[in-house]
Amino acid sequence: MDKHAPNEMTNSHLLVRNFDYLEASTIGEALYWLEQYDGRARLLAGGTDLFVLMKMERLNPGAVINITKIPGLNEIKVNPNGSVDIGPLVTIHTLAMHPYIRVNFPGLAAACLSFGSTQIETMGTIGGNLCNGSPAADTAPVLLTLGAELSLASRQGKRTLPLEAFFLSPGKTDLKPTEMLVGITLPAPEPGSTSVFLKASRVVADLAKASLAIAFTRQGERITGCKVAMGSVAPTPILLPNVAEALNGQIFSQDLLADAGKLVAETISPIDDVRSSAWYRRRIANVLLQDAMNQAWPLALNPKPASVAAPQANGHHHLPLTKALGTDHLTEVELTVNGCKTKVWVAANELLLNVLREKLELTGTKYACGIGECSACTVQIDGKPMLSCLVLAVSAAGKEITTVEGLQDPKTGELDPLQEAFINNTAFQCGYCTPGILMTAKALLNETPDPDEGQVRHYLRGNNCRCTGYASIVRAVLSCADHQE
Amino acid sequence: MEKENFQVVGQITPRKDGVARVTGQEKYTVDMTLPRMLYGRTVCSPYAHARIKSIDTSAAEAMGAVVLTFNDIPPIRYNERIITVEWALHKDHYILADKVRRMGEPVVAVAAETEKLAEKAARAVKVEYEPLQVLIDPREAMKPGAAPLYDTVMYGDKEIKIENNIACTREVIEGDVDKAFAESDVFVEGTFKTHKIYHAQMEPKSVLCRPEPDGGITVWATTQSIHNTRIVLGQIFDIPLSKINVKRMAVGGTFGSSIQMNSVVPIGVALALKARRPVRLTLTREEDMHDHGRFGTDAHIKIGAKKDGTLTGVEMEMIADLGAHIIQGYSFLGVSIGWVVSLYRLPNVRYKGVGVYTNKAPGCAMQGYGNPQATLAVESLLDELAEKLGMDPLELRLKNYVGLGMTFWGQGPMVRSIVWSDGVPELLGKGQEIIGWDKRESPDTKSGRFRRGIGLGRGFHTTSAGAPQPGDVIDFSGALVKVNQDGSVDVVTAMVDHGGGTWEAIAKLVAETLCVPLDKVNVVPSDTFSTVYDVCTHATRGTYAGGGAAVKVAEQVKKEIFETAAHYLNVQPDALKLRMDHEQGQAVIYVPSIPDRKMTLKQLASRTWSESWKTIAAVDSYRPTNCPPAYVTIFLEIEVDTWTGAVRTLRTALGVDCGTVVNPDGAIGQLEGGLSRGLGMALYEDNEWNDQGQLLSKGYWVDAKTPGIMESPALKDLNTHFADTYEPTGPLGAKGIGEAALNPVPAAYANAIYNAIGIRFYELPITPEKILGALMEQENMVKEGVH
């Protein structure tokens with residue numbers, strides 16, 4: 001590092017730079033715009049990486065092309081031969097909850113549930129997670145072991161690429177600036193095959209210090225069809241073929257795993273960074289290999305039911321017309337907030353959080369970190385908990401937005417039972433994080449009316465509270481669970 | 001008043017601010033807007049240590065921004081924190097930097113019609129810097145020849161030279177340590193290091209200022225002390241305090257971060273005065289993270305003891321990393337030894353503390369103000385001593401702790417008082433039973449990958465900095481209590497509630513004293529215009545000192561109620577009593593021996609009103625003459641994964657002696673919150689700077705890891721308990737709790753980890769990397785690639 005290199009401060013409260021905003025309604029349209037902007041446009045899916053990078057000013061695109069309204073890209077299609085086509089806009093949460101995925105690719109479901117927060121799970125997409133090109137991408141290792149194949153489209157045509165050829169270096173993939181990821185295919189699972197994913201991080205809700213996935217088939221006491229991959233231990237997520245080789249065809253034993261663990265540590269090329277150190281990553285990689293295999297081994301014994309569930313779509317809405325908003329222009333959008341339709345003039349780079357707070361004077365929703373790490377800004381969009389600090393106001397048009405101000409009964413002003421529970425359990429102190437926690441917990445109770453303590457904690461894992469130590473919050477949410485009544 | 005007869009105090013009641021806080025209606029400073037308000041932004045230094053060569057603001061001004069540079073500000077050096085008396089106060093801070101001393105230091109400020117325009121304008125300001133040697137290690141900073149951060153600072157009204165970047169030193173000698181050590185049989189010693197971690201309060205610091213037509217200002221600010229904020233603003237801007245009104249706001253957590261007048265406050269005020277329009281200035285998280293942190297400490301402590309476990313004396317040397325400015329660093333040096341000698345009887349003391357400037361975020365108080373650091377050292381050493389002596393660590397503590405009837409000087413050498421209430425034996429007993437202390441095994445009996453350990457951390461915090469005599473620290477409170485025409489009561493206090501329930505406690509104490517139902521006692525919104533002085537909500541003093549003031553004044557109101565009612569009831573005032581009548585929802589004034597001589601407070605107050613007589617009210621100040629210890633004991637069972645170094649919290653027994661428990665739910669919340677922040681300090685939180693003075697996290701929340709909901713133990717394993725005590729100097733027997741809840745937590749983790757794996761850690765945080773590294777060393781294993 002240069003001595004005295006200046007470190008300019010960024011502003012996580014805003015998207016400082018201007019950009020054009022485009023909404024594509026077809027893949028062709030998105031590709032057309034990509035070409036028009038000649039590498040200066042970025043595609044917007046979940047926004048949980050894109051806007052963080054833009055706030056950190058590591059990316060300054062000339063245009064943001066919203067592809068979330070393109071039909072058909074958010075579906076999980078199970079083919080008759082058992083292979084699965086996953087649309088790039090399928091959210092991490094949808095993937096984690098999908099019955100076919102859970103049964104046949106448990107490692108993928110586990111990876112999805114290990115994201116830093118429910119909000120990121122809900123907003124983030126599988127396509128975004130891969131195209132961001134992070135060495136720490138949680139879904140990448142397991143998808144590598146599953147032999148995922150990507151379909152990439154450009155105006156020149158389509159090509160397919162095995163995932164292992166996709167990642168080039170930190171933040172860099174083989175995706176050309178004019179290309180778009182349009183599909184991910186998982187080959188049909190071998191009968192009896194399984195997968196597992198484990199992650200080591202500072203606190204549970206965090207980026208990985210190191211992550212590891214294994215896919216294999218158990219034949220009696222023998223390991224077959226084994227693949228091993230890791231994240232955060234090399235410039236890209238990587239397959240470890242030599243480790244897989246060492247396990248393949250072998251009789252399962254602790255000695256075998258210990259040797260394989262050592263081999264993992266020797267194979268990877270981790271670095272020192274703010275999250276951990278290289279030597280520690282080597283040690284933990286060894287342990288992750290052994291723990292992952294030990295965790296998956298007994299579960300791999302039972303042949304899985306060949307259940308093929310109906311694909312679940314992320315409910316999408318009527319198709320709007322293609323919308324384009326130039327850099328310096330304001331556009332009038334209609335937001336539906338707490339059941340009221342309101343028209344506001346916004347610029348392309350205005351965040352929903354700031355529009356709610358400054359223009360609609362709904363200050364219950366709070367800014368605290370600006371980069372989707374604390375969840376204080378959580379609102380519900382179409383009933384799902386999302387981070388309003390990483391949502392463009394213009395892209396929220398036409399959706400149902402609920403803020404903490406909308407939790408009370410609009411007619412009587414009666415508090416929601418969850419709000420009552422927070423008061424009765426003194427589940428707040430300073431109250432600053434409370435609105436975000438309420439909106440998240442309410443979404444949990446809508447999804448899972450009778451959660452247990454583990455479910456409450458997992459769902460709220462990304463909501464930071466510095467005052468209470470969380471116990472009173474858990475008590476309050478549990479008191480609203482069905483079985484309590 | 002008998003404790004068991006309390007009707008309101010000790011009851012769990014829905015918090016008065018509950019509805020506001022669960023509906024998003026609570027207004028924090030960041031939520032405030034005013035008509036014609038401008039948005040402020042600052043130009044932050046991209047260097048940690050630099051001279052400012054030139055500033056060109058023309059491009060920003062061309063955008064229509066109001067721009068503030070060093071030339072526009074009053075040339076006055078001040079200290080943001082003025083609880084230290086003037087003669088002992090170091091002042092090194094200007095509103096905008098004269099010279100850059102930390103990364104992100106505000107150099108220029110702008111205000112514009114929108115936040116975006118302000119941001120643009122700030123970026124258009126051109127500043128030329130001459131970078132200087134960056135000092136992030138206090139030991140380097142003290143070396144001769146190191147680049148000086150300051151040539152001089154103000155000390156009171158004198159200008160003093162700063163040599164070797166040493167901002168202040170403090171020595172304390174009591175008894176004769178050499179003699180005591182010569183007579184000792186056993187010694188334990190260690191060098192303990194703690195880092196400059198970040199408060200991570202959820203609300204970023206903010207200010208809104210409105211210039212008033214009469215030349216005054218109204219200020220909404222994130223602060224723990226509205227009066228001290230007003231006084232400093234008066235000094236800087238030379239405005240009479242009678243024209244400065246600082247509003248008391250809800251605060252989104254502080255943990256000490258807003259104990260001083262925040263740096264943004266005078267910048268916002270100066271911008272507003274220049275613009276002649278309201279200006280709001282809110283820090284981004286990045287700026288906030290560079291703005292403040294805990295004091296880092298590096299302390300060598302040696303304790304001597306006799307064979308029977310009697311402690312003889314302590315020798316301590318400490319270097320405190322103050323960061324770029326001094327915010328109560330001198331007091332910090334004093335309290336650091338105070339915490340040590342108030343934990344255990346150490347009659348012979350030799351101490352030297354040095355406060356050093358570095359190019360890092362200024363250290364300000366953070367929950368415990370040096371106490372968790374001191375407690376980590378002392379409690380670790382006591383465990384070591386117990387092992388050397390073959391004594392039960394619990395027994396060693398009971399033998400030596402500072403308890404009932406003893407002199408206690410928690411808040412530094414000049415703040416001494418007597419312990420009048422002591423729940424320590426009870427707390428230790430309960431915790432011992434809950435955690436299964438007696439089944440605790442020594443580390444050498446443990447093997448295998450997952451090893452469990454039980455640890456104890458015992459500690460305290462002083463409630464207030466009260467003392468019989470004035471010292472170098474200001475500590476008093478005040479309150480105004482008035483009876484309304486319907487028998488309800490307004491309590492007007494300057495005391496800020498950071499979220500812990502201080503206002504709830506004050507309301508309960510007044511309700512109890514005046515026998516008025518709690519729903520009719522309101523701690524009303526207030527500001528510096530409407531309140532008498534209160535020093536600050538800090539030092540675990542909210543309930544004890546703020547509540548103490550409210551009870552003192554409520555007693556005066558009670559006296560006036562009796563005198564006034566005596567007039568109507570035709571009896572002697574002394575014959576009157578008060579009781580709470582829930583059916584009528586009123587306080588009833590009555591004569592026990594004459595049943596028909598009674599009236600409700602409403603009848604009394606409405607009569608004095610309709611007869612054009614008076615408002616029954618009182619206002620007064622209250623100086624606590626004691627600072628009783630709130631004792632806390634933390635027992636933990638943890639599990640160390642010896643393959644990964646990860647620590648999991650399995651079970652806890654958290655106990656507090658806070659005297660009368662005013663808000664039981666709030667007090668439990670304090671213990672649970674203290675555990676969470678304490679475990680963050682013990683295991684996770686760090687704030688590392690590179691050699692250029694840049695935070696490795698760059699100010700992003702993602703790398704300032706605070707514990708989440710997954711790190712707190714399961715509900716069934718989280719035990720909390722209270723000691724049954726009554727503090728005779730406290731309001732209705734109450735002491736505080738706040739900081740005490742955190743202070744012994746890191747020590748308890750260090751001791752539990754030792755008990756699990758037989759390795760003692762002297763530096764926080766105890767990360768998996770450190771644990772695994774130490775385990776590998778212990779096993780004499782070759783570390784591949786260890787740097």
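Student: What makes up the contact between chain A and chain B?

Tutor: The contact takes 72 residues from chain A and 72 residues from chain B. Two residues are in contact if their C-beta atoms, placed from the backbone, lie within 7 Å. This is a predicted model, in which local features need pLDDT of at least 70 and side-chain atom pairs count only at pLDDT 80 or more, while totals for chains, interfaces and linings use all residues. Residues are numbered from 1 along each chain as its sequence is written, and chains are lettered from A and ligands numbered from 1 in the order in which they are written.

Student: Which helix gives the largest share of the side of chain B that touches chain A?

Tutor: H16(B) does, with nine residues. Helices (H or I, at least four residues) and strands (E, at least two) are DSSP runs, numbered from the N terminus.

Student: Where does H14(B) bend?

Tutor: H14(B) bends at Gly548(B), by about 25 degrees. The bend is the angle between axes fitted to the seven residues ending at a residue and the seven starting there.

Student: Why is H14(B) called mostly covered?

Tutor: A residue is buried if 20 or more other C-beta atoms lie within 10 Å of its own, exposed if 12 or fewer, and partly exposed in between, with C-beta atoms placed from the backbone. In H14(B), 20 of the 28 residues are buried.

Student: Why is strand S11 of chain A called largely enclosed?

Tutor: Seven of the eight residues of S11(A), residues 193–200, are buried, so the rest of the structure largely encloses this strand.

Student: What makes S11(A) and S12(A) a pair?

Tutor: Two strands pair if DSSP finds at least two bridges between them. Eight bridges join S11(A) to S12(A), residues 210–219, and the two run antiparallel. In one of the bridges, Thr194(A) has Phe216(A) as its partner in S12(A).
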